[in-house]
Amino acid sequence: MGSVGIIGGGISGLSLACALEKSSTYSISLYDTGSRAFGGRASSRKLEGIPVDHSVQFFIAKDPQFQKQTEDWENHGVVQKWTGSIGTLNADSSFTSFQDQLTRYIGSSDHGIQAISTHMAAQLKRCKLYSNVWVSPNNGLRHYEDGRWGVWVNNKEVGRHDMVVIAHNGKCADRITNSTPARRVNKLLQVTFSDKPNPSKMTLNAVYSLVVEVDKKVFSNSFEGVFLSKSSVVSWMACNSRKYNQPGPTEIWTMLSTPAFAKKHKVPQEHLKGTDTEQLVVEAMVTEALSYMGRGVDGVDPRDLLKNFKLQLWGAGVPTNVWNSADQKKFIWDPQFKIGCVGDWLATPSIEGAWLSGLQLGQHLGDQPRVEVGLEGRFVPAGDSSGIGDIGVEVMRPEYGGLVLRDPTVPIRGRGGFSRVQGRGGGFGKIKNNAKPHFSAR
C-alpha cells in the first residue's frame with residue numbers, strides 16, 4: 001500500500017491529498033505549520049466580524065479541470081463571482097474597470113478566501129491532518145537506509161513514510177532537503193530573494209500586507225478593489241467590507257505594497273512591530289493610497305485616520321520566476337529517493353497553478369510512481385499568472401486587454417494581535433498599556 005507524507009497545507013498540498021485519495025490506496029499524512037487553519041496564502045481572518053483577505057485577493061479559472069472544480073466550489077457556497085467595481089486606479093485619480101471579460105472569484109461572505117482550504121480539508125476522508133506542527137528545517141526530514149522518510153517535530157518522529165512531498169518553498173524547503181541524498185530536488189528548491197528573476201534559481205521577493213480600519217468615506221467609495229497604476233509604493237488595495245457586502249460604521253481595507261518598496265524597507269517580521277520601519281511603511285502606504293484617490297493629506301497626519309492596523313511582511317512573498325520542466329509537467333517527482341514537489345512555482349503563480357500541481361502529482365503517484373518527472377528544465381520569468389495571491393504585481397496581458405495579477409508565495413505567519421492606532425501624542429502602532437488590541441484574529 002505505502003504511505004505518503006505531505007509537508008505543507010496550502011492549496012497544492014491539499015489538492016495533492018485529495019488526488020491521492022482518489023488515485024491510490026496509500027495512507028496519507030499532511031503536516032502544516034498553520035495554527036488557525038490550512039491554506040497557506042489562501043488565508044483570511046475575521047476582524048470585527050468581517051472576513052479579511054490579507055493574502056489571496058481573488059482568482060481566475062482558465063484550465064478546464066480547474067473551471068469544473070471552481071463550479072463545484074461555487075455550488076457549495078465556497079466561492080462566489082466578484083461582481084463589484086474592480087480595476088485600475090490611475091495617478092490622476094481616475095478609475096478604469098477591467099475590460100478583459102474574465103470572471104474573478106472570491107471566497108464566501110462568511111469566511112473569505114479561507115473557505116477554499118477549509119472546504120478542501122473537510123472533504124478529505126483518509127488523510128491524517130496535522131496542524132500547528134513545525135517540521136524543522138534542521139534535520140526535520142530524515143532519509144533512512146531502508147529508503148523511507150522520517151518527519152520530525154520537536155526532536156520527535158511524528159511520521160514515517162515511503163514517499164514524501166514538499167508542498168511549500170522558500171528557505172525552509174531548501175534547508176529541509178539539503179541534508180538529504182535527494183540532491184537534484186534540493187537544487188531546484190534552492191532560493192534567492194530579489195524583485196528580478198534569477199535565470200538559474202528560484203527567485204522570491206517581498207510584499208508588505210497592510211490591513212487598516214477607517215471610518216467610512218475616508219477612502220473612495222467608487223470601487224471595491226484596484227491596482228494603483230505605476231505606483232512605486234502600493235500595488236493593490238481592496239475594501240473587504242464592500243467586497244463581502246458587510247457594511248458597518250467603519251471599513252476594513254487590505255493594501256499590498258510593490259515588491260520594490262518592500263525590498264527597500266525589508267526587516268525581519270519579528271523585528272517589525274513598534275519600530276520606526278513599521279511607522280514609515282504604514283504612513284507611506286496610507287499616504288500613497290489617499291493621493292491616488294485624490295484625497296491629499298496636507299495638514300493631516302495619516303495616523304489620525306486609522307482606527308486600527310496590522311502590518312505584515314512576507315519576506316518570501318511573490319515568486320518572480322517559475323520552473324518550466326522539459327516534460328511540461330506541473331510537479332517534480334524523483335523515484336530514486338521517492339520525493340517530490342508541488343506548488344504554483346511549478347506551474348503559474350495562481351490558485352489554479354497550485355491546484356493543478358497537486359492534482360497532477362497525485363494522479364502520477366497513483367499510476368506511475370516509478371517514472372521520473374520534472375527534474376530537467378529551466379527557470380523562466382513568471383509573467384503568465386492568473387491569480388493565487390493576485391496581490392499586486394501588475395502584469396500587462398495584451399491578449400486580455402488589461403491587467404492581471406501575480407501571486408504571492410507562503411506568507412510568514414502573523415505574530416498575532418492587531419494594533420490600536422494612537423494620536424500624535426502616543427506611540428504609533430502600539431497597544432495602549434496592556435489593553436487587548438481592538439482587532440482579534442478568530
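# Close-up views of a predicted model

**View 1. Gly140, a buried loop residue.** Gly140 is buried, with a relative accessible area of 1%. The model is predicted. Gly140 sits in the loop that links S10 to strand S11 (141-143). Setting aside neighbours within four places in sequence, Gly140 touches Val135, Gly150, Val151 and Trp152. Asn155 lies 15 residues from Gly140 along the chain. The C-alpha atoms of Gly140 and Asn155 are 7.9 Å apart.

**View 2. Asn154, a loop residue with positive phi.** Most residues other than glycine have a negative phi. Asn154 is not a glycine, yet its phi is positive, near 55°. Asn154 belongs to the loop between strand S12 (149-153) and strand S13 (156-161). Is Asn154 buried or exposed? Its relative accessibility is 71%, and the cut-off for exposed is over 50%, so Asn154 counts as exposed.

**View 3. Lys230, another positive phi.** Lys230 has a phi near 65°, again positive in a residue other than glycine. Lys230 is exposed, because its relative accessible area of 77% is over 50%.

**View 4. An open sheet of 6 strands.** The strand order is S10-S2-S1-S14-S23-S22, and the pairing is mixed. Which strands stand at the edges? They are strand S10 (128-130) and strand S22 (332-334). Each has a single partner strand, so one side of each has no neighbour in the sheet. From one strand to the next, the twist averages 15°.

**View 5. Strands S1 and S14 side by side.** Strand S1 (residues 3-7) pairs with strand S14 (residues 163-166) in the parallel sense. The pairing runs over 4 bridges. Ile7 has Ile166 in S14 as its bridge partner.

**View 6. Two helices across the sheet.** Helix H1 (residues 11-23) lies across S1, strand S2 (27-31) and S14. H1 runs at about 170° to S2. H9 lies across S14, S22 and strand S23 (339-341). The angle of H9 to S22 is about 30°.

**View 7. Helix H1 against helix H9.** The axes of H1 and H9 come within 7 Å and cross at roughly 30°. Angles under 35 degrees count as roughly parallel, so H1 is roughly parallel to H9. The crossing of H1 past H9 is right-handed. From H1, the contact is made by Ile11, Ser12, Ser15, Leu16, Ala19, Leu20 and Ser23. H9 contributes residues including Ile351, Ala354, Trp355, Gly358 and Leu359. Further along H9, the contact residues include Leu361, Gly362, Gln363, Leu365 and Gly366. By class, the contact of H1 with H9 has 10 nonpolar and 7 polar residues, and no charged residues.

**View 8. Helix H2 against helix H9.** Helix H2 (residues 64-75) packs with helix H9 (residues 351-367) at an angle of about 110°. Their axes are 10 Å apart. How is H2 oriented to H9? The range from 65 to 115 degrees counts as roughly perpendicular, so H2 is roughly perpendicular to H9. Gln65, Phe66, Gln69 and Trp73 are the H2 residues that meet H9. On H9, they meet Ile351, Glu352, Trp355, Leu356, Leu359 and Gln363. By class, the contact of H2 with H9 has 6 nonpolar, 3 polar and 1 charged residues.

Technical notes
Residues are numbered from 1 along each chain as its sequence is written. This is a predicted model: local features need pLDDT of at least 70, side-chain atom pairs count only at pLDDT 80 or more; totals for chains, interfaces and linings use all residues. Side-chain values use heavy atoms; hydrogens and water are left out. Buried means under 20% relative accessible area, exposed over 50%, partly exposed in between (1.4 Å probe, protein chains only). Axes are lines fitted to C-alpha atoms, for helices over the stretch in contact, and angles run from 0 to 180 degrees between N-to-C directions. Angles under 35 degrees count as roughly parallel, over 145 as roughly antiparallel, 65 to 115 as roughly perpendicular and the rest as oblique. Contact means heavy atoms within 4.5 Å. Ala, Val, Leu, Ile, Met, Phe, Trp, Tyr, Cys and Pro count as nonpolar, Asp, Glu, Lys and Arg as charged, and the others, Gly among them, as polar. Two strands pair if DSSP finds at least two bridges between them. A crossing is left-handed if the near helix is turned anticlockwise from the far one by less than a right angle, and right-handed if clockwise.
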